[in-house]
Amino acid sequence: MNPLRRILLGAGQLPAPLRDELEAEKLVLLAEGLPGSITYRHYRAPGQRSNWRKEAVTGAIAVTALRLVVWAGRGKNIDVPLAGPFLAAIEIGLESPNQVRFAYDAGKFSPVRSGAVEVRLRTPRAADVVALLAP
């Protein structure tokens, strides 16, 4: 990874406590240090308002037997169980052969947030991620 990108955007690695928690849940797929972006459209949250904003990020994707975690930027962006309605509320697909896209309505996950959020991360394992999470 580009050293300047790492300094500005973070390493895109899961914190050790979260990684340990995920390994205890039988980690199926882990990809870290992934370049990408987060796009916000008509986004409203406490202290944040944006009609359109795109941020460069470095992130990670983890899939366990129980849940999906997407780390983007310097924090957890998605953390949902594989069973239940939350995963179905996230549109997961390939943007290109090496880029996976997670799109969701922020209001479905938090009553104080609204708007559309799209997380795009580049990884050679993008097709594997989509195949694991396909309904």
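Q: How should I read relative accessibility, and does His-42 count as buried or exposed?
A: This is a predicted model, and a residue is called exposed when its relative accessible area is over 50%. His-42 has 55% relative accessibility, and therefore counts as exposed. This residue is found in strand 1, and although His-42 is not a glycine, its phi is positive, at about 50 degrees.

Q: Where is Lys-26 found, and what is its phi?
A: Lys-26 is found in the loop that runs between helix 2 (16-24) and strand 1 (27-45). Its phi is near 65 degrees, which is again a positive value in a residue other than glycine. Because its relative accessibility is 63%, Lys-26 counts as exposed.

Q: How many bridges join strand 2 to strand 3, and how many join strand 3 to strand 4?
A: Strand 2 (residues 48-64) runs antiparallel to strand 3 and is joined to it by 5 bridges, and one of the bridge partners is Ala-72 in strand 3, which is paired with Gly-59. Strand 3 is joined by 6 bridges to strand 4 (residues 75-81), and these two also run antiparallel; here Trp-71 has Lys-76 of strand 4 as its bridge partner.

Q: How many residues lie between the strands of each hairpin?
A: The hairpin formed by strand 2 and strand 3 has 2 residues between its strands. Strand 3 and strand 4 also form a hairpin with 2 residues between them, and in its turn Gly-73 has a positive phi of about 75 degrees.

Q: What pattern does the chain follow along the sequence, and why does its radius of gyration agree with a compact globule?
A: The chain has 4 helices and 7 strands, and read along the sequence they follow the pattern α-α-β-β-β-β-α-β-β-β-α. A compact globule of 135 residues would have a radius of gyration near 14 Å, and the chain agrees because its own value is 14 Å. Of the residues in the chain, 41% count as buried, and among contacts with a separation of 6 or more, 55% are made by residues 24 or more positions apart.

Definitions and conventions. Residues are numbered from 1 along each chain as its sequence is written. This is a predicted model: local features need pLDDT of at least 70, side-chain atom pairs count only at pLDDT 80 or more; totals for chains, interfaces and linings use all residues. Side-chain values use heavy atoms; hydrogens and water are left out. The radius of gyration is taken over C-alpha atoms; the globule rule is 2.2 Å times the number of residues to the power 0.38. Buried means under 20% relative accessible area, exposed over 50%, partly exposed in between (1.4 Å probe, protein chains only). Contact means heavy atoms within 4.5 Å. Two strands pair if DSSP finds at least two bridges between them.
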